[in-house]
Amino acid sequence: MKKSHILLMFLALYSLACLGMLGCLLVTVMVFPSLQTVDVPQTPSLPACEAALPSLVQQSYDSNAAGEELATEYTLVTYVVYGDDQLIVHEKPYVPEKFRAYQEDAARHRELWNLFVRLVPPEYLHQVDYFTLTTDGPAGNLGSVVQMTDSRDRWWLYLDIQDAEHYADLVTTLIHEINHLLTLNSSQFETDWDVFSNPDDRDAYERAEAACDTYFTWGGCSYPDSYLNLFFARYWRDLYPEWREISREEDKETLDTLLDDFYNRHADQFVSEYAATSPDEDIAESFLFFVLNPPPAGNTIADEKILFFYEFPELVEVRASMRGALCPPPAP
């Protein structure tokens with residue numbers, strides 16, 4: 001599976017001002033017309049499509065792209081998003097010749113954006129201001145969403161166009177990332193601007209975390225009735241001290257090993273290995289299973305995490321909308 005995650009880094013304010021003026025990095029401007037087509041594999045019937053949705057998760061976990069991840073990730077093109085469907089080319093940097101076809105494939109860029117538009121709840125779509133296509137070869141990270149440093153409600157969507165060729169990986173990544181939009185916005189967290197704007201300041205983070213009575217993540221203290229805090233209080237309270245100590249490890253290879261060991265000790269509590277990397281990723285992975293799978297029996301804590309979302313009628317509506325986007329009813 002292509003691991004996807006919200007990046008624990010933020011874009012500098014001067015860069016945002018530059019982007020907002022459409023001046024500093026502008027190469028060309030082109031407005032694409034609205035397109036309604038979406039790259040969704042056709043199935044014989046609506047029931048057959050819905051029955052196949054759970055298999056997307058397993059296909060994604062089983063996928064292994066041919067080739068190796070490159071040492072360099074190339075930005076192919078960045079779009080500024082206007083409204084729901086206008087993509088304006090903002091930056092199109094030089095890339096090696098072998099990536100030019102991906103860079104110039106505006107129709108595919110639009111297909112990827114349209115699928116995201118169909119999946120994301122409309123009230124969150126306007127929070128995505130920029131859309132960037134990248135590639136680091138047919139492996140590595142497929143996608144991520146990044147919060148900007150001036151607002152919890154302004155986001156940047158990144159997708160690796162080569163990795164996105166695998167439909168199951170693409171769908172599961174988008175659903176996972178959309179959960180970050182749902183759970184990490186200003187309605188869910190009170191922003192600590194000192195931490196939010198300085199993500200590398202570990203001392204500031206430790207001070208702010210100690211002062212927070214609810215779940216604290218990069219940039220803010222969660223509201224008591226937020227999705228993440230309720231999820232955390234129910235499923236992470238006992239595990240958190242162990243995980244928090246692991247999370248302080250600064251060497252990435254050592255951290256990965258420690259997180260693998262953490263998952264193996266508590267495997268029945270997580271829907272996937274990646275879910276054990278943090279509460280933020282746990283709720284996003286559990287949400288993915290909630291959207292694509294039928295309700296589980298509830299025999300494990302991992303099952304309970306999936307059932308958690310059924311307690312919120314608005315999230316049940318999001319689930320129905322996403323499934324409808326993946327399995328649209330046949331035209332009359």
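Which residue forms a salt bridge with Glu245? Arg248 does, with the closest N and O atoms 3.5 Å apart. The views below are of a predicted model.

**View 1. Glu245 and Arg248 belong to a salt-bridge network.**
The network links Glu206, Glu209, Arg244, Glu245 and Arg248. Within it, Glu245 and Arg248 pair at 3.5 Å between their closest N and O atoms. That distance counts because the cut-off for a salt bridge is 4 Å. Glu245 is exposed, at 54% relative accessibility. Arg248 is partly exposed, at 32%. The count of salt bridges in the model comes to 13.

**View 2. Arg265 and Glu242 form a salt bridge between two helices.**
The closest N and O atoms of Arg265 and Glu242 lie 2.7 Å apart. Arg265 sits in helix α11 (residues 252-265), and Glu242 sits in helix α10 (residues 240-247). The two residues are 23 apart, so the pair links distant parts of the chain. Both partners are partly exposed: Arg265 has a relative accessible area of 48%, and Glu242 has one of 28%. Side chains of opposite charge can pair when their charged atoms come close.

Asp256 and Lys252 are four residues apart in α11, so about one helical turn separates them. Lys252 is exposed, with a relative accessible area of 58%. Asp256 is partly exposed, at 31% relative accessibility.

**View 3. Helices α2 and α6 pack against each other.**
Two packed helices are described by the angle between their axes and the distance between the axes. For α2 (residues 46-62) and α6 (residues 167-183), the angle is about 110° and the axes are 8 Å apart. The two helices are therefore roughly perpendicular to each other. From α2, the contact takes in Leu56, Val57, Gln59 and Ser60. From α6, it takes in Tyr167, Ala168, Asp169, Val171 and Thr172. These contact residues divide into five nonpolar, three polar and one charged.

**View 4. Five strands form an open, mixed sheet.**
The strand order is β2-β1-β3-β5-β4. The edge strands are β2 (86-91) and β4 (143-147), each pairing on one side only. Neighbouring strands are turned by 25° against each other on average, direction ignored. Helix α4 (residues 106-119) packs on the sheet and touches β1, β2, β3 (128-135) and β5 (155-160). The direction of α4 makes about 130° with that of β3. Helix α6 also packs on the sheet, touching β3, β4 and β5. The direction of α6 makes about 15° with that of β4.

Strand β1 (residues 74-82) runs antiparallel to β2, and five bridges join them. Val81 stands opposite Leu87 of β2. Val80 stands opposite Ile88 of β2. Three residues lie between the strands of the hairpin. Gly83 takes a positive phi near 65° in this hairpin. Five of the six residues of β2 are buried, so the strand is largely enclosed by the rest of the structure.

**View 5. Strand β3 pairs with β1 and with β5.**
On the β1 side, the pairing is antiparallel and spans six bridges. On the β5 side, six bridges join the strands, which run parallel. Is β3 buried or exposed? Eight of its eight residues are buried, so β3 is largely enclosed by the rest of the structure.

How values were computed
Residues are numbered from 1 along each chain as its sequence is written. This is a predicted model: local features need pLDDT of at least 70, side-chain atom pairs count only at pLDDT 80 or more; totals for chains, interfaces and linings use all residues. Side-chain values use heavy atoms; hydrogens and water are left out. Axes are lines fitted to C-alpha atoms, for helices over the stretch in contact, and angles run from 0 to 180 degrees between N-to-C directions. Angles under 35 degrees count as roughly parallel, over 145 as roughly antiparallel, 65 to 115 as roughly perpendicular and the rest as oblique. Contact means heavy atoms within 4.5 Å. Ala, Val, Leu, Ile, Met, Phe, Trp, Tyr, Cys and Pro count as nonpolar, Asp, Glu, Lys and Arg as charged, and the others, Gly among them, as polar. A salt bridge is a side-chain nitrogen of Lys or Arg within 4 Å of a carboxyl oxygen of Asp or Glu. Buried means under 20% relative accessible area, exposed over 50%, partly exposed in between (1.4 Å probe, protein chains only). Two strands pair if DSSP finds at least two bridges between them.
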